[in-house]
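Hi everyone, thanks for making time this morning. Please have the sequence and the model open while I talk.

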Amino acid sequence: MAIHLAAASGRSALHSAAITDVLIILLAAIAVVPVLHRLGVSSILGYLAVGIVIGPFGLAAIADPEEAAWLAEFGIVFMLFAIGLELPLERLKTMRYYVFGLGGAQVVATALSIGLLGYLLGLDPETAVILGGILALSSTAAVLKLLVDRGEAAARFGRIAVAVLLLQDLAVVPMLALIPLMGGDGRSIWLTLGMALLKAAIALAIIVLAGRFLVRPLFRQIAATGNAELFTAAGLFILLGLGWVTEAAGMSMSLGAFLAGMLLASTPYRHQIEADIQPFRGLLLGLFFVSVGMGFDLAAVARSAGLVFGLTLGLVLVKAAVMVAIGYAFRLKAETSWRTALLLAQGSEFGFILTLLATGSGVLTPDLKNQVNAAIVISIALTPLLAALGGRISIAIRDRHGRRLSSIAAESEELAQHVLVAGYGRVGQAVCRLLDDIGLSYVALDLDVQRVMTARARGFPVYFGDAARLDVLRAAGIDRAALAVLAIDNPAKAERMAEALRAAVPTLTIVARAWDSGHARRLAEIGVAEAVPEDVEVGLAMGRRMLDRLGRGDSDLAARIAQFRVAHEAFSEPTRIGERISKD
């Protein structure tokens with residue numbers, strides 16, 4: 001009995017110590033991170049600073065960081081799950097040229113360049129390979145935040161940077177499988193790489209099969225219950241379940257979380273799941289970066305300050321040089337190549353995860369891990385300066401070649417087979433969200449300044465411009481567009497826009513929002529391929545839901561609605577737009 005009480009008392013003491021450590025971390029984060037944020041320091045660097053201050057090499061408020069390490073591990077899991085949610089297979093397919101082509105070339109070429117330099121400087125082959133792969137990655141969090149804050153996510157270089165970051169996120173998958181194998185039984189590098197790629201291929205096959213035959217039916221049944229708690233529980237079960245399976249198979253739990261995100265990314269429930277896990281993700285990810293900071297031995301880093309500085313400088317220069325060369329190889333304009341290269345020249349927050357895993361597997365020494373992590377931190381802190389330098393170089397190159405383009409033309413000059421959306425109101429925004437979800441490029445035009453500014457601040461390719469003007473259409477690349485969508489609610493202006501589009505590109509396919517059936521016929525006479533009458537389509541959508549509620553939504557419902565649509569368009573009287581507006 002006494003033994004049991006002593007054991008219980010010991011467990012209680014450990015539990016209390018762990019809670020105390022978590023409370024200290026949270027209090028320090030609440031006190032420090034907002035102050036640094038006001039000073040323009042990113043939240044990642046803020047959390048790292050908190051860890052350094054309270055860790056064993058700082059004030060030693062937490063003597064043993066391992067006490068709260070389990071929370072940090074869950075932060076990694078949730079971050080990779082959230083990134084997986086942003087990578088549906090359909091999006092990767094539509095962006096394959098830049099994601100797999102340019103992005104793949106960047107990762108391979110940068111990893112080989114850094115790995116070769118490391119080998120020439122005396123690192124063993126395994127360490128050089130892993131270090132090259134780790135430092136080939138760029139900071140998704142820092143780059144995306146910068147692009148969104150500056151309204152440049154829709155710019156040409158911004159879209160290319162995002163495509164490269166997508167491939168880098170995918171590259172984490174084989175690296176998570178590769179690093180534990182590197183520290184294993186001494187097999188050859190090529191055999192180890194082959195095993196990692198085989199495991200990644202098997203994992204992707206599981207995604208496709210499980211998504212089709214298991215996850216979609218499961219979530220369809222759960223969504224039908226209308227129980228929000230059950231829906232969240234199912235998402236967490238998929239996340240933690242796949243993580244447990246991959247960990248049991250000898251890979252990392254983080255890999256399983258990433259695959260779980262990709263599995264759910266192609267379902268209609270992705271956005272709800274993402275909203276459900278957002279609070280957990282942000283908090284636990286912050287704890288992860290705090291734990292990384294607690295492992296920083298500033299004294300040791302200071303003793304090798306010259307090496308850290310050289311590593312940081314080499315990292316930025318090599319990554320920028322390789323990306324510029326790849327940009328030229330992929331026929332990007334010089335200014336686009338330079339802006340993209342300097343924007344992606346830093347290390348990645350994934351580097352902290354991978355160096356931790358590599359140190360645990362015996363691939364990296366603790367001293368080398370500290371030096372690499374210090375270089376990553378410094379390079380992330382330099383991101384705004386590097387981006388500003390890239391902008392100056394881009395302007396200088398453009399001025400030298402005498403190219404003074406408008407904002408629309410400058411950011412869409414290399415787009416092709418995109419969609420032009422005229423009007424960014426409720427309907428236009430719905431159309432653009434759909435295009436975003438399936439990974440199709442688009443340019444939206446609107447005459448509401450506030451609406452455009454809000455959209456630009458969120459990183460959307462929305463510009464101030466009148467789609468009825470030929471010069472604006474040319475600047476938006478209408479001659480290279482695959483399709484145009486007229487989403488405005490002004491019937492007369494929609495007709496003028498349709499006429500301008502037809503005059504600019506006679507073969508262009510146009511889809512338009514129509515006021516009613518009469519307006520739809522007039523748009524069709526101008527050359528609009530699909531004119532969607534608001535009154536008919538809204539009525540039919542409501543009718544479909546009405547019949548479903550009445551239990552009359554049988555298999556012939558779609559055919560009946562189609563017949564009704566044809567009949568309505570054939571027999572509706574051709575009302576004049578002006579008369580219709582005056583009556584309403």
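Predicted model: local features only at pLDDT ≥ 70, side-chain atom pairs only at ≥ 80, totals over all residues.

Residues are numbered from 1 along each chain as its sequence is written, and side-chain values use heavy atoms, with hydrogens and water left out.

How many helices and strands does the chain have? There are 27 helices and 6 strands, taken as DSSP runs numbered from the N terminus, with at least four residues (H or I) for a helix and at least two (E) for a strand. The chain has 584 residues, and 49% of them count as buried; buried means under 20% relative accessible area, exposed over 50%, and partly exposed in between, with a 1.4 Å probe and protein chains only.

Now the strands. Two strands pair if DSSP finds at least two bridges between them. Strand E1 (residues 419-422) runs parallel to strand E4 (residues 483-486), with 4 bridges joining them. E4 is also joined to E5 by 4 bridges, again in parallel. Look at Leu483 in E4: Val419 stands opposite it, and its bridge partner in E5 is Thr509. From E4, the chain passes through helix H23 (residues 491-504) to E5, a right-handed β-α-β crossover. Right-handed means that, with the strands pointing away from the viewer, the path from the first strand over the helix to the second runs clockwise.

Let's stay in E5, residues 509-514, and find Arg513 there. Is Arg513 buried or exposed? Arg513 counts as buried because its relative accessibility is 15%. A polar atom of the Arg513 side chain lies 3.0 Å from the backbone oxygen of Ala487. Finally, the cores: a nonpolar core is a set of buried Ala, Val, Leu, Ile, Met, Phe, Trp, Tyr and Cys residues joined through side-chain atoms within 4.5 Å. Of the 108 residues in the largest one, Phe81, Phe219 and Leu264 touch the most other members. Helix H8 (residues 156-182) gives this core its largest share, 18 residues. A second, separate core has 33 residues, among them Ala475 and Leu486.

Note on methods: Polar contact = N/O pair within 3.5 Å; in protein donor to acceptor, adjacent residues only side chain to side chain.
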